[in-house]
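I opened the notebook today to look at some strands and rings.

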Amino acid sequence: MLGDFSFCNPTKLYFGTNSLCHLKDELAKYGKKILFVYGGGSIKRNGIYDAVVSVLKSGGKEIVELGGVMPNPTSEKLVEGCNLARAEKVDFILAVGGGSVIDYAKGVSVGALYDGDPWENYYLKMEEPANPLIPVGAVLTMVGTGSEMNGGSVITNHEQKLKIGHVFGEEVFPKFAILNPEFTFSVPKRQMVAGVYDIFNHICEQYFSGNDDNTSDYISEGLLKSVVHSSKIAVQNPNDYEARSNLMWTATWALNTLIAKGKTTDWMVHMIGQAVGAYTDATHGMTLSAVSLAYYKTQMEAGLSKFVRFAKNVFDVPGEVGGKAKSDMQIAHEGLDEMKKWMQEIGVTLSLKELGVTPDMFDGIASATFIMDGGYKTLSKDDVIQILKESM
């Protein structure tokens, strides 16, 4: 295991069917006025909204509602939230929803008391907050991003055709998160499987880097196997509590900074996927699934030993056939083949064309893709364009 690192995760989690019972006690630690942030209104149909409001009222809280947070929250919506939080002088932000809602709440947290344009300062310039922050808590209703236990916040600017994620420090992490797997049962299948692939790819982005003997990789392999196993069950029976609870818990550990320790990490699938999202507003997890296979084929030769390990330890690809040893390249290719079969089984998108990408977008998407260098091979713009072509 290489490198020096520190680990701190300040978020307190409450997990299980009775986890909402802890919300009142947690909110008692903060002021009276709560900014209640949520998405398109599904929580009003499934009863979660009423349950949360009941807790807020029983705790004597004053509620300021901010609904309508879209799946890819925009810079315009961010400014709206910052203005509302500042005008109302809220003491706390409670995000009730999936990753987009929680990401958005963090953006409001850092931007509400900033005297300037939060998009330009925190996303374009990637500045760290020097102004006071409004603390955030979360009630999770859709799994995938791990935003409930990290500092990440992804915002889209349609005018500039940019989708940028800023991973803030521990001061921006949610103070607490409520994780009740039953709250995810009503999520439509397409959204569920998009979240599943987001979990899987978060782990891969960290796993496919480095060739040292790293404890983080052993943890990652277990998490990946859990995602594959539980996702197959959840697709057949969305109300299977064990499968949905395992997916929820794995999503949290996939991106709470633990398995990144000792790793350079890659993140190029996310960079390409986010650029695609900026042009199409497509579902995040589906943008990742559409470009993953083409991207990993560009990395396989340079990171061959890790791809062999992935094939054997995650998808149980045998190292020999008929008593004859396979080549490492053959094993690695079979690993990606098995990954593709699993992706097809759960129903994620494998084509950018299905997401609305057209060839005239290739140059713009490639230009909007931030190039990272933590993986096995650093891409050029032409490489990104080729990946886009092969993902159609």
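Is Phe36 buried or exposed? I looked it up in this predicted model: Phe36 counts as buried, because its relative accessibility is 0% and the cut-off for buried is under 20%.

Phe36 lies in strand 2, and 6 of the 6 residues of strand 2 (residues 33-38) are buried. I noted that side chains alternate between the two faces of the sheet in a regular strand. Here both faces are covered, with Lys33, Leu35 and Val37 on one side and Ile34, Phe36 and Tyr38 on the other.

Then I went through the neighbours of strand 2. Strand 3 (residues 62-66) runs parallel to strand 2 and is joined to it by 5 bridges. Strand 4 (residues 92-97) also pairs with strand 2 in the parallel sense, over 5 bridges. I followed Val37 both ways: its bridge partner is Leu66 in strand 3 and Ala95 in strand 4.

On to the rings. I found 24 aromatic pairs. In one of them, Tyr30 and Phe92 have ring centres 4.5 Å apart and planes at 35°, so the pair is tilted. This pair links positions 62 residues apart, with Tyr30 in the loop between helix 1 (23-27) and strand 2, and Phe92 in strand 4. Phe36 and Tyr49 form a stacked pair, 5.5 Å centre to centre with 20° between the planes. Tyr49 sits in helix 3 (residues 48-58), so this pair ties together parts that are 13 residues apart in sequence.

Last, I looked at what else meets Tyr49: the charged end of Lys44 sits over its ring, 5.0 Å from the centre.

Technical notes:
Residues are numbered from 1 along each chain as its sequence is written. This is a predicted model: local features need pLDDT of at least 70, side-chain atom pairs count only at pLDDT 80 or more; totals for chains, interfaces and linings use all residues. Side-chain values use heavy atoms; hydrogens and water are left out. Buried means under 20% relative accessible area, exposed over 50%, partly exposed in between (1.4 Å probe, protein chains only). Helices (H or I, at least four residues) and strands (E, at least two) are DSSP runs, numbered from the N terminus. Two strands pair if DSSP finds at least two bridges between them. Rings of Phe, Tyr and Trp (its six-membered ring) pair if their centres lie within 6.5 Å; planes under 30 degrees apart count as stacked, over 60 as edge-to-face and the rest as tilted. A charge sits over a ring if NZ of Lys or CZ of Arg is within 6 Å of the ring centre and within 35 degrees of the ring normal.
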